[in-house]
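User: Hi! I am new to reading protein structures. Could you walk me through this one with some questions and answers?

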Amino acid sequence: MIRSPLPAGLKTGILHLGLGAFHRAHQADYTHDAIAASGGDWGIEAVSMRDPALAEVLARQDGRFTLVERAPEGPVSKEITVIRHTHALPGNAAAVAARMADPAIHVVTITVTEKGYGADVGARRLNRADPAVAHDLAAPEEAPRSLAGLLCLGLGLRRAAGLDGLTLMSCDNLPDNGHVLRGIVLDHAGHTDPALSAWIAGHCTFPCSMVDRITPATTAETLALAGGDPAAVETEPFRQWVIEDAFAGPHPDWAAAGALIVADVRPFETMKLRLLNGAHSFLAYAGALLGLEFVRDVMADPLMARAVRRHMDSAAASLEPIPGFDPQAYIQALLDRFANPAIAHRCLQIAMDGSQKLPQRLFAPALDLAARDLPFDSCATATAVWLHFLAGRDAEGRTLPLVDPLADRLIEVTRLAGDDAGALVQGVGPLLGSVAETLWARPGWQASLARALVALRQDGLRPVLARGA
Ligand code: NAD
């Protein structure tokens, strides 16, 4: 067990919302290392948004937990002691919000999953059809149920106490996550308390951040490796955090732990979405169709490993160069991470919610490639593999589940199109948002997609990939 002790009297300077596996494997690990390297009262108060049991388990062990890093050559355990208090949100929103009015708290970090924002992501404002959002806008005097309602309650108390603003940082996998967070908070405040909205806009910041560390759900094996620690989490050795340099006040020296603080996160985020997440989606649908359970199984298949690299190389040609950054080294590191035999990342977990993920992962790079007169065949093949997956059967005829907010409509379009690949291509486009709308209007895209789908249906996935499509 690796231990880097932190000062016993460490005070808290960060409030974290969303005490899931990823927070413990990423921000908690970075912050622990930052304090060990550089000091500062940056202990974390972590809020369990839904599961009071997790807050209680951690409280019983003074916030300590074991982080098991699963390297190919064997597991390494680290003791993380940076979490100093835990809260459970259910029934406790007023007390949690009041923590934002403590002068010692300067930063709020957030991992509540993509759905937890109640956002219309493209428009960067609240999705008024979300029940928690609708409740909070209609009854602002009641306990908040939405993220924006909770944050605005806390920020109102902070303003009333005459304190400085806060840095509020989303660490979820949303494109432009800081802008989305700012958008929903100002939308809520603008509706319920315009003076508060003006104070937030003038005093608080919402840096964008790109986060990366593959962290599967904890299993019985994780707990056994951690000697029975019920709060243990397992993750891969790699970690990355790129943070926009936009802080409202003091913050931990995360750079001392290896985080990059940059003026513009977008090039890093685009690179990650297109190379890591884009390849993940492609290999997840292909793996599921081939009856392979985990990412590591897909990467152990030489034909698939070659196809994944080919897709990454093609997607890399759609990126703006990042000074001092070597895309080929990044791609090689991704291939090694995906192949890690100690990480059990399910293809079907990655395959969920494709309609929400493919626009930024496959359609946006296809558009940029077309704009540069470069071929977008690899993005078309990957999209066709998803369309093939929608039929709901793998190569052996086993059922594949479609977990997607648009599942009903996707199944209906697939059924209506029948054997007509062109009809499926045409029917699915309008369901997939504005990026798809632009791409579907692009000469050659629909034909390329239909051709790839016909080949997948007639010849099968392996022959199509073997031809290097
Ligand atoms: P998890 O299931 O362990 O934790 C999810 C957390 O979100 C829990 O605290 C839960 O209470 C909260 N939550 C869920 N729905 C919510 C809602 N509607 N409102 C408020 N809170 C809600 O998952 P995780 O592995 O911790 O991943 C969380 C997020 O972190 C992901 O959705 C993603 O955006 C980001 N992320 C995860 C990984 C990873 O590999 N696990 C990698 C990069 C980024």
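This is a predicted model: local features need pLDDT of at least 70, side-chain atom pairs count only at pLDDT 80 or more; totals for chains, interfaces and linings use all residues.

User: Leaving aside neighbours within four places in sequence, which residues is Asp136 in contact with?

Analyst: Start with the place of Asp136, which is helix H5, residues 131–138. Helices (H or I, at least four residues) and strands (E, at least two) are DSSP runs, numbered from the N terminus. Once neighbours within four places in sequence are set aside, the contacts of Asp136 are Ala143, Pro144, Arg145, Ser146, Gly149, His188 and Thr192.

User: Which side chain of opposite charge is nearest to Asp136, and how far away is it?

Analyst: Lys and Arg count as positive and Asp and Glu as negative, whereas His and the chain ends are not counted. A salt bridge needs a side-chain nitrogen of Lys or Arg within 4 Å of a carboxyl oxygen of Asp or Glu. Asp136 has no salt bridge, although it is buried (under 20% relative accessible area; exposed is over 50%, partly exposed in between, with a 1.4 Å probe and protein chains only). The nearest side chain of opposite charge is Arg145, at 5.5 Å.

User: Which side chain makes a polar contact with the side chain of Asp136?

Analyst: A polar contact is a pair of N or O atoms within 3.5 Å; within protein, one must be able to donate a hydrogen and the other to accept it, and residues adjacent in sequence count only if both atoms are side-chain atoms. At 2.6 Å, the partner of the Asp136 side chain is that of Ser146.

User: How many residues apart are Arg213 and Asp29, which form a salt bridge?

Analyst: The closest N and O atoms of Arg213 and Asp29 are 2.8 Å apart, and both residues are buried. Arg213 sits in the loop between strand S11 (209–212) and helix H9 (220–225), while Asp29 belongs to helix H2 (residues 27–38). The pair links distant parts of the chain, 184 residues apart.

User: Which residues are linked with Arg213 and Asp29 in a network of salt bridges?

Analyst: By the salt-bridge rule, the count comes to 25. The network that holds Arg213 and Asp29 also includes Asp33, Glu69, Lys78 and Arg239.

User: What is phi of Asp62, a residue other than glycine?

Analyst: Asp62 is found in the loop between helix H3 (52–60) and strand S4 (65–71). Its relative accessibility is 59%, so Asp62 counts as exposed. Phi of Asp62 is positive, near 50°.

User: What share of the 469 residues in the protein is buried?

Analyst: The secondary structure comes to 21 helices and 14 strands. The C-alpha atoms fill a box of roughly 65 × 50 × 45 Å, taken along the principal axes. Of the 469 residues, the buried share is 55%.

Technical notes:
Residues are numbered from 1 along each chain as its sequence is written. Side-chain values use heavy atoms; hydrogens and water are left out. Contact means heavy atoms within 4.5 Å.
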